[in-house]
Amino acid sequence: MTDSLAASIADLQEMIEEARLVAGFTGAGISTESGVPDFRSPDSPWMRNKPIPFDVFLQDVEARREAWRRKFVMDDLYQGARPSQGHLAIAALISSGRMPAVITQNIDGLHQASGLADHQVIELHGNGTYAACLDCRSRHDLREVRAQFEASGNPPTCKACGGVVKSATISFGQSMPQEPMRKAQKLALTCDLILVVGSSLVVYPAAGFPALAKENGAKLVIVNREPTPLDDIADLVVHAEIGQVLPGLI
């Protein structure tokens, strides 16, 4: 570890200790260290298995069939993923009482796998570890959905009402979930420090919450390998591997 990185970690530790309430905000980078591919790398498997837009998914049964095929291809790529050091550090901060919840752009469920309860994870883009009926909102186990799909070749339908079943993620063109958005806004407006981990901060409206917190007087810390559009207004920026930075806080 370089002297400058050690100094940045020490500065972050001091900022956390002085904060009254810390908000967490995580993006794909915290999960790439767990082996989950991100969306924007040139060789990302997401580019070969792009999510189907929501309106197309609704209108076309063939699109739904292809969406589920791509979903299971991607699931197989990171089915063995486990929480990274970054996930565990966030969980420790929440367990300590310094951070009430983490806002996440991720859909992989690794924050819950690190020991967090559902109410401690504000999922802006949904969750890809289960499915839901778009009509009655019944939850569906992915193992059952996959078995049905692979046996029949047809996209799954709801056992309760016969409606369309979809992965419980927010697709392109789908409305953002109102309750998580409300919770994220409340946390951004009440925190006095927001810790951004592994987000490029280019996907909106999710990326607006760190800026909102900063505008409301909170300190902004960004831990990310690459520069982000908010680096210039941040109080501390650490361009390093998350697994090098966050475990040093515990």
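The model is predicted, so local features need pLDDT of at least 70 and side-chain atom pairs count only at pLDDT 80 or more, while totals for chains, interfaces and linings use all residues. Residues are numbered from 1 along each chain as its sequence is written, and side-chain values use heavy atoms, with hydrogens and water left out.

**His87**
- His87 sits in helix H6, residues 85–95 (helices are DSSP runs of H or I with at least four residues, strands are E runs of at least two, numbered from the N terminus).
- His87 is buried, at 0% relative accessible area (buried means under 20%, with a 1.4 Å probe and protein chains only).
- Setting aside residues up to four places away in sequence, His87 touches Ile30, Ser31, Ser34, Leu110, His111 and Ser114 (contact means heavy atoms within 4.5 Å).

**Lys71**
- Lys71 belongs to helix H5, residues 61–77, and is buried as well, with a relative accessible area of 13%.
- Beyond residues up to four places away in sequence, Lys71 touches Gly128, Leu142 and Ser167.

**Nonpolar cores**
- The largest nonpolar core has 29 residues, and Ile90 and Leu246 are among those that touch the most other members (a core is a set of buried Ala, Val, Leu, Ile, Met, Phe, Trp, Tyr and Cys residues joined through side-chain atoms within 4.5 Å).
- Elements giving two or more residues to this core include helix H1 (3–18), H6 and strand E7 (193–197).
- A second, separate core of 25 residues includes Ala188, Ala206, Ile222 and Ala234.

Terms used. Buried means under 20% relative accessible area, exposed over 50%, partly exposed in between (1.4 Å probe, protein chains only).
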